[in-house]
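Please find below a short note on the model under review.

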Amino acid sequence: MSTTDAPKKPRETDDVPVPATLRKSLKNRHIQLIALGGAIGTGLFYGSSESIALAGPSILFAYLVGGLAIFAIVRALSEMSVEDPKAGAFSYYATRYWSKRAGFISGWNYWFNYILVSMVELSVVGSFVNYWFPAIPTWVSAAVFLVIICAANLLGVSKFGEFEFWFAIIKIVAVIAMIIGGLAVIIFALPTASGVRASFANWFTVGNGFFPNGLMGQNSDGSWTGLLMALVVVMFSFGGTELIGITAGETEDPKTTIPRATNDIIWRILVFYIGALGVIMAVVPWNTIDGKSSPFVQIFDSVGIHAAAGILNFVCLTAVMSVYNSGLYANSRMLYSLAKQGNAPAYLGKLNSRGVPVAGVLTSAAITAIAVVVVFVWPEFAFNYLMSIATIAGIINWTMIMLTEMKFRKVVAAGGAPEDSELAGLSGQEALDAIHFKLPFAKVTPWVVLAFLALVVVLMCFSTSYRIAVIAGVIWLAILFAAYQLTQAKK
């Protein structure tokens with residue numbers, strides 16, 4: 001029988017029934033846009049006001065330093081993802097290369113972090129809908145979008161990828177349009193509402209120059225300000241970039257796609273954060289950005305384009321949907337991975353014929369729905385305490401990634417690389433040299449990043465709004481350790 005007559009193996013797509021397994025259906029364009037979309041959200045559109053108020057134009061330097069740290073973290077995760085692409089990413093890697101306890105803490109911390117983030121995103125979606133339809137109760141908007149995103153995730157990973165692709169396109173177009181519009185104002189010297197001529201020289205001439213508040217200083221009310229304090233706000237705006245590693249187990253060609261998406265992160269930060277905010281502060285004097293409206297709205301309002309508020313409202317609505325879509329995807333895969341490790345109930349490790357961990361999707365959606373109810377009933381409690389845990393959980397995630405990468409290299413050097421990896425059978429420096437996508441300066445970089453993250457935690461202690469997050473983080477870690485010991489005792 002010729003090869004053309006031989007029965008063909010079913011193609012792994014969401015629409016063709018094959019044995020229950022995760023499908024490698026995410027294409028290069030999906031991963032590229034997922035990586036980019038993860039770095040652009042409401043933190044850029046609205047949260048940038050707070051960071052600008054703290055540091056003035058020097059916030060550009062803060063985004064550069066923070067961006068380099070995030071780049072190193074994602075490179076560390078991608079190093080492992082390329083050699084051993086698995087669902088659950090760093091939870092699986094922490095279990096495989098460190099210990100079962102580390103995998104338990106890493107996985108459940110990440111899952112709970114995204115539950116809290118999803119909770120807050122869904123709770124504010126109603127405010128964006130009310131911009132056009134004020135009569136619709138906010139809880140109705142939250143419920144509708146929860147059902148829509150949940151249904152999209154149940155259709156299969158390729159559908160998730162398509163949703164994220166178009167969500168990211170909307171955000172990218174909005175930022176690029178703002179940059180182009182701002183540059184036009186500067187180049188053609190168009191008049192602005194402030195009366196200050198648009199120019200990049202405004203970085204140095206408006207409000208005490210480029211470093212108006214220095215590295216760190218105290219205001220008359222006792223609050224701390226300056227470049228270092230802005231780092232705290234900046235770092236949390238980068239949350240979600242590690243989603244690249246979660247997708248590795250369902251990517252068509254991780255050895256090519258993951259490195260490309262990871263390496264592109266740094267220029268995306270340069271263009272979409274530093275470029276966008278640099279243009280904004282050239283057109284709108286930074287000391288007039290008060291946070292009452294988005295800097296993106298202000299830049300268009302300053303030249304008479306008043307429809308910008310409605311456009312940005314639509315962009316932010318899609319950004320919120322994108323965050324919840326990514327969160328539900330990441331959480332379902334994390335529960336699947338935890339179940340396979342024996343760190344979660346076995347039912348969470350089952351897949352349907354489309355390769356979707358349905359139980360993980362529905363369980364995460366149900367918990368998020370309960371959390372949203374908590375937000376609507378006790379909003380002050382939810383935002384002041386629960387989100388503090390989400391804040392510090394991001395630091396814990398990144399710390400675990402860097403520590404696990406160091407453990408990964410030790411295992412690889414000892415000859416313990418995955419059997420299906422090109423590193424199998426190698427040991428010592430030969431194995432380390434054969435790593436396909438190496439973390440630059442791997443002997444030093446993890447320690448530099450860990451020291452930087454420790455500095456961010458120390459700086460959080462100087463802020464009233466973030467100090468509680470540090471306390472909550474210690475309590476949260478203690479709960480995770482106790483939960484692990486309890487589950488092991490039961491077994």
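In which helix is the place of leucine 68?

1. Leucine 68 is placed in helix α4; helices here are DSSP runs of H or I with at least four residues, numbered from the N terminus. The model is predicted, local features need pLDDT of at least 70, side-chain atom pairs count only at pLDDT 80 or more, and totals for chains, interfaces and linings use all residues. Residues are numbered from 1 along each chain as its sequence is written, and side-chain values use heavy atoms, with hydrogens and water left out.

2. Helix α4 comprises residues 59-83.

3. Of the 25 residues of α4, 21 are buried, so the helix is largely enclosed by the rest of the structure. Buried means under 20% relative accessible area, exposed over 50%, and partly exposed in between, with a 1.4 Å probe and protein chains only. Leucine 68 counts as partly exposed because its relative accessibility is 47%.

4. A nonpolar surface patch is formed by Phe61, Leu64, Leu68, Trp267, Leu270 and Val271, with about 500 Å² of accessible area together.

5. Lysine 350 lies in the loop between α15 (308-341) and α16 (358-377), and counts as exposed because its relative accessibility is 58%. Its C-alpha atom is separated by 7.4 Å from that of tyrosine 336, 14 residues apart along the chain.

Key
Helices (H or I, at least four residues) and strands (E, at least two) are DSSP runs, numbered from the N terminus. The expected span of a helix is 1.5 Å times one less than its number of residues. Patches are made of residues with over 30% relative accessible area and no salt bridge: like charges are joined within 9 Å, nonpolar side chains (Val, Leu, Ile, Met, Phe, Trp, Tyr) within 5 Å. Accessible areas come from the Shrake-Rupley method with a 1.4 Å probe; for residues, only the protein chains shown count as cover. A salt bridge is a side-chain nitrogen of Lys or Arg within 4 Å of a carboxyl oxygen of Asp or Glu.
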